[in-house]
Number of protein chains: 2
Amino acid sequence: MTSPIIQTIDVVLLTIKNDKLHVALVKRETPPFQGYDALPGGYVHEQEDNDCLDSALRVLKTKTGIRPPYLEQLETFSGKFRDPRGWSVSVVYFALVSLDVIEAANNPQVSLVDIDDLKDLPFDHLNIIKTTVNRIRNKAQYSSLPCFLAGETFTLPTLQKIYEICLGDTLNKVSFRRKIAEMDVIEEIAGALSRQGASRPAKIYKLKPYYLEKLKTLESGL
Amino acid sequence: MTSPIIQTIDVVLLTIKNDKLHVALVKRETPPFQGYDALPGGYVHEQEDNDCLDSALRVLKTKTGIRPPYLEQLETFSGKFRDPRGWSVSVVYFALVSLDVIEAANNPQVSLVDIDDLKDLPFDHLNIIKTTVNRIRNKAQYSSLPCFLAGETFTLPTLQKIYEICLGDTLNKVSFRRKIAEMDVIEEIAGALSRQGASRPAKIYKLKPYYLEKLKTLESGL
DNA sequence: TTACTTAGTTTCAATTTGCAACTATATATT
DNA sequence: AATATATAGTTGCAAATTGAAACTAAGTAA
C-alpha cells in the first residue's frame, strides 16, 4: 500500500496597507519549512470539520484569530512535488478583510507582506498568492468583491482607491460612481461626514447588510 | 487513527446535442451506486498521476475514451456526507467537446443526458453539473469558451447558435460577429462553404491553432 | 427566370462611457 | 470677516459602443 495522499487546506488572507495589497503570512511552527513564513494552512480534521470550508475557517481562526466575513474557494493545488512530504492536495480559499480586522486580532505570528515584495515561499505558496491576485483583479472588474477590503464604513473616494489598487489602474470618478450605484450594494449613513483635512468632507457609506458576505456582479463591468 | 479521507476526481464532460447542452454520464461498475449513471470519476493514482489534472485526463480517457482539448478545474467538492463511504474530497474538472468527438469514441457505457432532464444522480453530482453549467454560462459572456463545443470547422451562424445555447438567450447577429472578430480566435478556411439547404452557403471557419486549447477573454463582453 | 431561404453587410438610432468643467463644503489663512 | 485652497460631488456633452432594421449576396428549387 502506498502512503496516503496529504490532504490540506490553505488560506490566502489579503488586505490593503499603505495603499498596497498585502498577504498575511504566519510563521510555521512545525516541519517542513519550520520557522519560515507561509500561508496559514493545515490538515482537514474529519471529526471537527463538515467540509473543507469549515477547515479553512477553523485554521484561519486558529492561526490568525480572524473570522473573515467573506471567504471564497480559489482553486485546488495538487501533485507529487509541491510538498516534500509527498503527493498532496491543498484546497485553497481566499479571504479579504480590512486592515483593522487584522490589527484587532493583534497576533505577533502574523506578518503582512506587500504582494510585490514577496520572496520565495514554502511549497507553491508564491504561485497560489499570484493566482489569488489575478482572481481578485479579474473580479474587481465586475463585482463588489473589493468592498470587503474596506472597513465597516468608508467614503466613495476611499472605495474608488480600493478598486484602483485591486485593478492596478486608475478609474474615472463619474463612471465608478455610476457603477457602484448600479450595483446597489452600499448605503449612505445619513449625516455622517469624513472631515479629513482642510477640504470638503465626504459622505460616509456602509455595505448594505445583505451584501456583507455576498458578492454582487454587474452585467457589463467596471 | 481515523480512516483516511477519500480523494477522488470527477469530470463534467459537456457537449451540444439537438441544440441543447448534454452531459456525459457513465454507468458505475462498482459500489457505491453500482449500476447507476454518474459523472466519470475515480481515485487519484499517486504512482501514475503527477497531479489531479493528470488524474482527470486519465480517468476520462479510461471511462469514455475521450481526450478533450480543453479541460478546466471547476471547483473542489468536499465533506462528511457527500459520499456514503465517508469524508471525501473530489476535485472536479469540466471539459467541452463537440458531439462527434463523443460519437467517435463510441462507448456504450456513456450516455448523453440533456442537462434539463437530469434526474437524481449519485453523490452530489447534480449539484456539480449545475455549478458547471453556471460557470459556462458565465464564461460564455466574455470568452471563447463555447468555441470548444464546435467541431473542427464551423460557420458563424453555427457558432452563434452555440453561444446562444450556452447563454440561454438569443444574440444580436451584428454584435456577435463584431465580438468574435475582436476576440480574434477564428480564421476563415479560404474557399470553403457550407452549402446546406436552398440558400446562400456560409463561410467555414476554424479555431486559430493557438486557441485550440486556450481561452481568450474580452474586456467588455458578449 | 423567378421565388425563396439563409448569409453577410450597411446604416443609423439608442445607449453607455469618459472627460472636462462646474458647483459645493469643509478648514486654513489673512 | 473675507479669501484661499483642497477635496467631494454633479453636470453637460462628446466619443465610443451596442443593437435593430433594412439592405445586398448567393445559393437551390420550381
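How many residues of chain A are in contact with residues of chain B? With both chains displayed, you will find that 23 residues of chain A are in contact with 23 residues of chain B, where contact means heavy atoms within 4.5 Å.

Before you go on, keep in mind that this is a predicted model, in which local features need pLDDT of at least 70, side-chain atom pairs count only at pLDDT 80 or more, and totals for chains, interfaces and linings use all residues. Residues are numbered from 1 along each chain as its sequence is written, chains are lettered from A and ligands numbered from 1 in the order in which they are written, and side-chain values use heavy atoms, with hydrogens and water left out.

**Stop one: the two chains together**

Stay with chain A and chain B, which bury about 2100 Å² between them, 49% of it on carbon and sulfur atoms; buried area is the accessible area (1.4 Å probe) that two parts lose on being put together, summed over both. Now select E46(A), N50(A) and W87(A), which supply 28% of the area that chain A buries against chain B, more than any other three residues.

Next, superpose one chain on the other: a rotation of 180° with 0.0 Å of shift along its axis brings chain A onto chain B, with an RMSD of 0.0 Å. The two copies are therefore related as by a two-fold rotation axis, and the same surface serves both, since 100% of the contact residues of chain A recur in chain B. Such a superposition is done by least squares on the C-alpha atoms of residues with pLDDT of at least 70 in both copies.

**Stop two: DNA strand C**

Select DNA strand C and then the 22 residues around it, of which R178(A), R200(A), K173(B), S199(B) and K203(B) come nearest; a residue counts as near if one of its heavy atoms lies within 4 Å of the strand. Of the atoms of DNA strand C that come within 4 Å of the protein, sugar and phosphate account for 57%.

Coloured by class, this surface shows nine nonpolar, six polar and seven charged residues, where Ala, Val, Leu, Ile, Met, Phe, Trp, Tyr, Cys and Pro count as nonpolar, Asp, Glu, Lys and Arg as charged, and the others, Gly among them, as polar.

Zoom in on N172(A), which has a polar side-chain atom 3.2 Å from a phosphate oxygen of DNA strand C, and then on S220(A), where the corresponding distance to a phosphate oxygen is 3.4 Å. Helices (H or I, at least four residues) and strands (E, at least two) are DSSP runs, numbered from the N terminus.

**Stop three: two loops to inspect**

Which kind of peptide bond runs from P31(A) to P32(A)? The bond is cis, with omega near -5°, and P32(A) is found in the loop between β2 (20-27) and β3 (37-38) of chain A. In chain B, a cis peptide bond joins P31(B) and P32(B), with omega about -5°.

Finally, select N106(A), in the loop between α2 (99-105) and β7 (110-114) of chain A, whose phi is near 50°, a positive value in a residue other than glycine. At 61% relative accessibility, N106(A) counts as exposed, a word that means over 50% relative accessible area, with buried under 20% and partly exposed in between (1.4 Å probe, protein chains only).

Definitions and conventions. Polar contact = N/O pair within 3.5 Å; in protein donor to acceptor, adjacent residues only side chain to side chain.
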